[in-house]
Every structure is written in C-alpha cells, then in structure tokens.
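User: I have a model open and want to go through its contacts and domains. Can you start with the terms and then take my questions?
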Amino acid sequence: MNPWGWRVAWLLAAAVPLAFLTLFFAWPAASLVLRGFHDGDGWTLSGFQTVFASPRTWRAVGFTLTSATASTLLCLLLGLPGAYLLYRTRFAGQGALRALVSVPFVLPTVVVGVAFGALLREDGLLGWAGLSGTPAAILGAMVFFNYSVVVRTVGSMWARLDPRLEQAAATLGASPLRVLLGVTLPALAPAIVSAASLVFLFSASSYGIVMVLGQGSYSSIETEIWFLTTQLLDLRSAAALSITQLVIVTLALWLSSAAQTRTTASLRLQPDSATSRRFDRRRDWAPMALTLGVTVVLLVAPLGNLLWLSLHRGDRLTLANYSQLASDGAMGTTLWAAGRTSLVTALAATGMAVALGMLVSLVASRRPRSTSARRGLAALESLFLLPLGVSAVTVGFGYLITLNRPPLDLRSSLVLIPIAQAVVALPLIVRILLPVLRAIDPRQLEAASTLGSGPLRVLLRIELPHLWRGLGLATGFAFATSLGEFGATSFLARPDNPTLPVLIFRLFGRPGSETYGMALAASVLLAGLAGITMAAAERLRPQEVTTW
Amino acid sequence: MQRMIVAGLTAVALLALSACGGAPSSGEAGAPSPTQTDKLTVVTHDAFTLPDELKAKFADETGLEVTYVAPGDTGTLVNQLVLTKDSPLGDVVYGIDNTFASRAASEGVLVDYESPLAASTQEFAAPQLTPIDFGDVCINADTAWFEAAGIEIPSTLDDLTDPVYKDLLVVTNPASSAPGLSFLLATIGAKGEDGYLDYWQALSDNGTKVASGWTEAYYTDFSGADGKGPRPLVLSYSTSPAYTVDGDTSTTQALLGTCFRAVEYAGVLHGTTNEAGAQKFIDFMLSPEVQAAIPENLYMYPVIADTPLPKDWARFAPLSEVPFEVPAEQIGQHRDQWIRDWTEAIG
C-alpha cells in the first residue's frame with residue numbers, strides 16, 4: 001500500500017470507533033444535557049445558579065473528590081504489593097488467587113450491599129468496628145471493587161519488565177528498596193498511572209456503593225444526578241451537575257495523560273515466564289502478608305459470607321437454593337435462560353468492545369512527529385475514557401430521546417443492551433492495550449523499517465503480537481464488566497430476558513425464604529462465572545510472542 | 001499523514017457536534033393517528049411479573065406480538081414516560097402508583113380509557129388511569145423478637161418514637177425507594193405538612209435507621225427475615241407476613257396503624273400506534289385469571305372485589321382499616337418539595 005493508502009486506512013480505523021462512540025454515547029448523553037439548558041423558549045444557564053447556590057452540591061462535589069482520591073491511593077498502596085506477588089513471583093495457588101481478586105469486579109451492587117451489609121451491621125462479623133453507614137464502609141467497598149484493576153493492570157506489565165536493569169542496579173550496590181524506587185516503579189509508571197485513572201473514574205462515578213453503603217447519608221455528584229433525573233426529572237439541575245462531573249473527569253484525564261507522557265519510556269518487555277521467580281519467604285513475606293490480609297478482609301470475608309448464606313435455608317445447611325434455582329427457575333425465567341442471556345450479551349459486548357478497542361489503541365499509539373498531531377491523539381484517547389466518567393443514567397435517559405425513530409429505534413430492542421455494555425467496557429480495553437503498544441521500543445520499529453519491512457509487515461510482525469499479549473487481560477476484563485453491568489442495563493431491562501444481575505436484583509426485591517435463597521445462590525454463581533472467566537482469559541494469552 | 005488524522009478527527013467531531021445541536025427539538029411527531037399493528041409494547045415497573053401461561057394466553061387470544069420492558073421503579077418509570085411523551089416508549093403502561101399518578105396525568109403522558117371491567121373500582125379512581133391492584137405499605141414487626149424481649153409490639157406511628165423502641169426500626173429512603181416515599185406520605189398524612197419533619201426528627205433521635213432500599217432494610221437489617229439482622233421493626237408491605245409463615249403462624253406481623261395505601265394503575269400511552277391493543281392489555285390485567293394471579297406474583301391485592309385470595313392472606317396479610325391518605329393532587333403538587341425537604345432535614 002502506498003503512503004496515501006495508509007493515511008486513509010488509519011483515518012478509517014479512527015472513524016469507525018468514533019462513530020460508534022458518537023452514536024451510542026456522545027449524542028445521547030449530550031442530548032439529555034442540552035435539554036437541561038433549554039427551557040422551552042430559549043437557552044438558559046439557570047441550572048448552574050440553582051445547583052451551585054445549594055450547599056448540598058458542594059458537599060457532593062467534595063465527597064466525590066475526596067472519596068475517589070482516597071480510594072485511588074488505597075488501591076495503589078494495597079494493589080502494588082499484590083501486583084508484585086501475583087505476577088512477579090511463583091507459588092502454589094497463585095492462579096486461584098489471581099482469579100479470586102477479580103471476582104468483585106463483576107458483582108452487581110445489590111449483591112455487594114447484601115454481602116457487606118451482613119458483615120458490617122451491628123451484630124455482623126465486622127460489626128465491632130462500627131463501620132456501618134460510614135465513609136469507611138464506602139471506601140472499603142470501592143477498594144473491594146477496584147483492587148483487581150491495579151493488581152492486574154500493573155501486574156501484567158511488571159511480569160514483563162526486563163529483570164536485567166534491576167539486576168544491574170543491584171550489582172552496582174543499590175539496596176532492594178532503592179532498586180524498587182529508582183528502577184522498577186519508574187518503569188511501571190505508565191501502567192500505574194493508567195490503573196490509577198481507571199480507579200479514580202470508577203470510584204467517582206459509582207452510584208450503588210455510595211447509595212447502599214452510605215445509607216443515604218452521603219451523596220456524590222453521581223447519586224445527585226440519579227436522584228434529580230430518575231426521581232425528579234429536574235433535567236436543569238442534573239445538566240449543571242453533569243457538566244461539573246465532566247469538568248472533573250476531563251481534569252483527571254488531563255492530569256493522567258500528562259503524567260503518562262512524562263513517564264512513558266520505552267521498555268524492554270519480556271515474556272512473563274522469564275522474569276518471575278520462585279516465592280522466597282524471606283524476601284517476599286511483606287507483600288505476601290499484606291496481600292493475604294487484604295484478600296481475607298476485603299474479599300474472602302464478604303464472598304465467603306455470601307457463599308455461607310447461600311447454603312442455608314432457614315437454619316438448615318442445604319443445597320436447596322441451588323437445586324430450586326436450577327430446576328424451577330424464578331420470575332418467569334430459568335437459571336439457564338438468564339445465564340444464556342448473560343453470556344450471549346456479554347460475548348456480543350466483548351466482541352464489539354475488543355474490536356473497537358484494538359482500533360483505538362492502534363491509532364492512538366502512532367508516534368507522529370508534529371506536536372499538534374500528538375495532542376490530537378492524546379485527545380482521542382481521553383475521549384474514549386469519558387464513558388467511565390459520565391453517569392449511566394445520563395446515557396440511559398439519553399438513549400430514550402435519541403434512539404427513538406427508525407432506523408435507530410432501538411429503545412426496546414435487545415441489541416441496545418450489549419451496545420451499552422460495550423460503551424462501558426471500551427475505555428477499559430483502551431487503558432489496558434495502549435500502555436502495551438506504547439512500550440514497544442521505537443528502535444525496534446525503526447530497525448524493522450530500515451531493514452525493509454513495510455508498515456503492514458511492522459504492524460503484523462511487531463505491533464499485533466504485542467497487542468495480542470494484552471488482549472487476554474483486556475478481553476477478560478471486558479467480559480467480566482459486561483457480565484456484571486447493571487447501571488445502563490437496568491434502564492433497558494426486558495423482564496422476559498433478564499441478565500443474571502437483573503434476575504438477582506429482582507429476586508432480592510421480594511419477600512420470602514425461597515426468593516432470598518435463590519438470589520444468594522444466583523449471586524454466588526455469577527461470582528463463580530466471573531472467576532472462571534478471568535482465570536480462562538489469563539490462560540488465553542499465547543506463548544509464542546515475539547521476544548528479543 | 002498525522003495532519004490528515006487530526007483533520008479527520010476534527011471532521012468527525014464536528015459532525016458529532018452538529019448532530020447534538022438538533023437534539024433538544026427532537027420529536028415533534030405529536031400523536032400519530034392510531035394505526036393497527038400486531039405489535040404491542042408494554043412498559044412496566046421493575047417488579048412486574050406474571051406467569052408465562054397468562055402472558056402466552058394474552059398473546060394467543062389477541063394475536064399480538066407483545067414486548068415487555070421494565071425500565072425502573074415507579075418514579076423512574078413515570079419520569080421516563082414524561083421525557084419521551086413525544087415519541088412514547090410503548091403502547092401501554094402498568095405500574096404507575098398513586099404517588100406518581102397525578103404527575104403522569106398532568107404531563108399529558110396518557111390518553112383516556114375506561115375499561116368495561118373497571119366498574120367496581122370507583123374508590124381508587126384517577127384521571128386516565130385504571131386501577132389494577134392495591135396494598136398497604138406498613139411497618140412490620142418480628143413477633144418472636146418482641147415476645148423474647150418481653151416488650152409489647154408497637155402499634156402507632158407515635159409508638160415508634162417511644163424510647164422503649166430505641167434503635168429497633170429500619171425504614172427506607174424516600175429519595176431512592178418507592179416504599180420509602182409511601183411511608184413519607186403516611187407521616188405527612190398523619191402529622192400534616194407542618195408536623196412531619198418534626199416527627200422524622202423524633203424518629204431519627206430514637207435511633208431509626210434509613211436504608212437505601214427495601215432489599216437492604218428487609219434482608220440486612222430486619223431480624224424477622226432470612227437475613228437475620230439486628231432490628232425487629234422494618235418498613236415493608238402488609239402482605240409480607242404471608243411470606244414468613246412457619247407452620248401455622250407467621251413470624252412477622254404488619255402494624256396496621258402505620259400504613260399508607262398504595263394503588264397501582266395501568267394506562268394507555270399518548271401517541272400509541274396500537275390503541276386497541278393497549279386497551280386489550282388493560283382489560284387483560286382486570287381479567288379474573290390475572291386478578292387471581294396478582295397476589296402471588298405482585299404481592300398486592302387484586303382490585304376486583306370478589307377475586308379469590310390465597311388462603312394464608314386472610315390470616316396473615318390483612319389490609320389496614322385506617323390507612324393514612326394524602327389527596328393525589330396534593331401529592332402531585334408537593335411531592336418533589338417534600339422529598340427535597342426531607343433529604344435536607346434527615347437524609
């Protein structure tokens with residue numbers, strides 16, 4: 001292909017995902033927000049005056065910023081040792097532990113509410129701490145959800161760092177701590193920044209955690225937008241808050257993008273097997289103790305409690321909840337039907353998100369010489385992260401007023417559910433794949449060109465194999481996100497074809513031992529499905545990747 | 001080449017923006033004249049469920065291809081209908097309750113329909129809506145807990161602020177839960193617009209916990225349900241005790257002096273392309289089979305008076321004889337303000 005052909009090809013590669021994002025995210029969300037600035041006769045900014053005159057708004061903004069920042073810092077503090085332990089050392093049971101840490105990521109909030117609520121209430125296992133309804137409970141749940149984002153994003157990069165740099169530093173007399181601070185962490189910085197920005201966005205936009213665990217005493221920008229939109233339909237105030245949310249998210253993305261540019265250095269990446277070393281009790285006891293502590297308190301206790309509860313009916317230890325769910329079904333559907341709907345939907349969403357995410361990552365990882373082009377690409381990358389920072393209710397209600405006539409009358413169509421899930425999963429994929437592509441040593445690309453490889457050959461022989469390595473992780477995360485997605489899905493729910501999270505939500509909404517027990521059993525099955533998916537995605541990574 | 005990419009991205013972004021620009025004026029379609037189609041979209045609240053056989057029977061008898069969508073609780077549902085009234089979400093709605101009924105009517109979301117089957121339901125009449133079922137939202141008590149503690153079960157709203165019952169009650173947030181809003185209205189019905197916040201302050205001082213939703217309150221905090229929480233008083237429905245029956249008694253009981261009467265309605269949506277089908281669906285909801293299925297599926301009382309009830313209901317799920325009431329127009333005018341005031345004062 002001639003250079004012109006390549007230009008057109010890259011433009012197309014950017015245009016397809018952009019069109020998708022515009023149609024299924026930007027247009028619906030912007031339409032709803034714009035309605036808030038239009039009062040029938042003309043444009044008005046009165047929403048801002050009302051919203052910012054209220055002390056409630058400032059409390060919500062303050063709470064959003066502090067809780068998301070604290071959650072990000074805590075996740076990094078706890079997650080980095082976990083990343084080291086799970087990706088740089090080898091020990092028996094490691095695979096299971098890797099799968100376990102990802103399970104919370106897919107659990108719908110109603111399940112987290114039940115799992116944590118039973119632990120934290122006055123007579124619960126952790127009731128002595130008096131955390132019920134406090135910001136600490138909210139923060140704990142945010143870390144519960146996002147811990148695996150740090151462990152996996154940073155860990156998969158860590159696993160592939162060239163150990164020779166660290167070895168050289170150690171040989172030259174640097175202490176282990178100095179090697180960590182001076183060599184390893186700087187090399188991991190892009191992945192750390194990437195993970196941190198994801199955790200911040202997830203925490204800042206979490207609705208269910210703040211509502212359920214804060215028991216209404218705390219509100220964030222996100223919960224205010226939900227309340228104003230779904231209960232009051234006060235679009236004017238909601239729009240002003242949505243803009244505020246957008247400003248905060250844009251600032252966070254700008255900060256992370258600046259940090260990433262400053263820290264990205266080309267790395268010599270290795271296949272992971274070459275760098276991991278056997279677990280050594282003397283060297284690795286501290287990260288092991290910390291990771292086990294986190295795992296037990298934050299993961300095993302709530303999940304184990306859920307499992308324990310699901311094995312009971314009344315006071316009897318029994319499998320009745322599972323057998324009844326499997327044989328009779330509930331709410332006009334069977335477990336198998338709901339499971340199938342969930343899997344098919346999540347597969348479709350993952351397919352869309354992965355295909356589009358690869359395109360975005362390839363385009364955004366170009367290395368243009370002109371500054372304006374580089375800025376353009378950075379903006380493109382940030383654009384695809386926005387869905388994480390914009391309220392699901394804004395997008396969901398936006399669908400209702402935009403996708404409402406042929407050929408796009410999709411509001412009661414089953415197709416819209418995987419599309420909405422793909423919009424949510426897409427940013428995650430971009431955030432996982434981009435650092436991998438950016439870490440390719442430019443000298444390798446240049447050497448290939450000098451030796452006569454055309455752009456296509458460079459793409460096929462160097463860039464795609466690298467992309468391939470990140471793909472297992474990206475696919476796993478995308479699939480798990482879609483499997484557990486509830487916010488956007490709930491607005492599009494079809495009672496006859498519920499996904500598992502929707503079925504669980506509906507079962508938990510009714511009185512009676514049977515429905516409660518079946519809801520618990522379905523939650524455990526969903527958690528198990530997520531664990532299996534993540535473990536499988538981990539193994540999906542091919543070994544025959546280019547190394548040098 | 002890089003310039004080309006940037007130029008291309010800019011073009012796409014501009015296209016996107018111009019697409020957004022036209023959005024606020026979307027949907028001038030108005031009400032299209034009813035044309036007969038064989039498709040019917042039923043919009044319901046998220047707790048809607050009926051046996052498959054009944055739904056299949058309706059589809060067979062009418063020859064309609066029916067799609068059910070359930071976008072949220074009653075408030076979310078009504079607000080979505082208001083938002084989309086120029087291009088309706090479906091043809092017929094079920095699940096608007098009396099806390100949001102006046103809003104649906106005043107916003108022009110519905111068209112008139114009087115079902116020939118609705119004759120005996122005058123007492124719940126609401127403009128443009130057909131009552132389908134009703135029930136009471138009441139405080140429930142864990143009878144065994146009170147027996148073991150040797151304390152008398154409370155019976156009135158005022159009892160709940162008595163120090164004897166300190167730290168025993170969990171209710172739900174009216175800003176995020178439909179029963180929570182019903183209970184807020186019960187307190188307004190009982191204490192008046194000027195007194196309800198003082199009452200809530202007294203509840204709060206007496207250690208009342210406010211959970212975000214029914215599930216959290218009933219299954220995490222309440223001692224009488226399977227979650228085995230610490231609090232023996234919970235906000236739920238008058239029918240809930242019928243689902244905690246153990247042997248020949250129920251382990252819970254509804255406090256009939258603390259109830260708000262909730263009525264659920266169906267209505268034909270303005271702008272439907274299948275008005276006849278929508279009307280048939282409302283008639284279907286009033287048919288004897290559906291009315292008889294309502295208790296076990298929706299946990300509400302059927303609106304048609306002589307419908308047989310499950311045998312446990314007479315004993316364990318009686319209705320309140322003196323539910324608190326607030327006129328629908330008054331709810332319509334003040335609901336949002338009441339919720340906001342409550343949130344400022346208590347939430």
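Analyst: Domain bounds here come from an automatic or database domain assignment. This is a predicted model, in which local features need pLDDT of at least 70, side-chain atom pairs count only at pLDDT 80 or more, and totals for chains, interfaces and linings use all residues. Residues are numbered from 1 along each chain as its sequence is written, while chains are lettered from A and ligands numbered from 1 in the order in which they are written.

User: What separates the centres of domain 1 and domain 2 of chain B?
Analyst: The centres, taken over C-alpha atoms, are 27 Å apart. Domain 1 of chain B is 34-134 + 262-316, and domain 2 of chain B is 135-261 + 320-345.

User: How many residues does each domain of chain B put into the contact?
Analyst: Domain 1 of chain B gives 22 residues and domain 2 of chain B gives 19 residues. Two residues are in contact if their C-beta atoms, placed from the backbone, lie within 7 Å.

User: Which element has the largest share on the domain 1 side?
Analyst: That is α4(B), with four residues. Helices (H or I, at least four residues) and strands (E, at least two) are DSSP runs, numbered from the N terminus.

User: Next, α19(A) and α21(A). At what angle do the axes cross?
Analyst: Roughly 150 degrees, and the axes come within 8 Å. Axes are lines fitted to C-alpha atoms, for helices over the stretch in contact, and angles run from 0 to 180 degrees between N-to-C directions.

User: Roughly parallel or roughly antiparallel?
Analyst: α19(A) and α21(A) are therefore roughly antiparallel to each other. Angles under 35 degrees count as roughly parallel, over 145 as roughly antiparallel, 65 to 115 as roughly perpendicular and the rest as oblique.

User: What about the confidence for chain B?
Analyst: Chain B averages a pLDDT of 86, and 88% of the residues score at least 70. pLDDT is the predictor's confidence in each residue, from 0 to 100. Over residues 9-34 of chain B the pLDDT is below 50. The model scores ipTM 0.84 and pTM 0.85.
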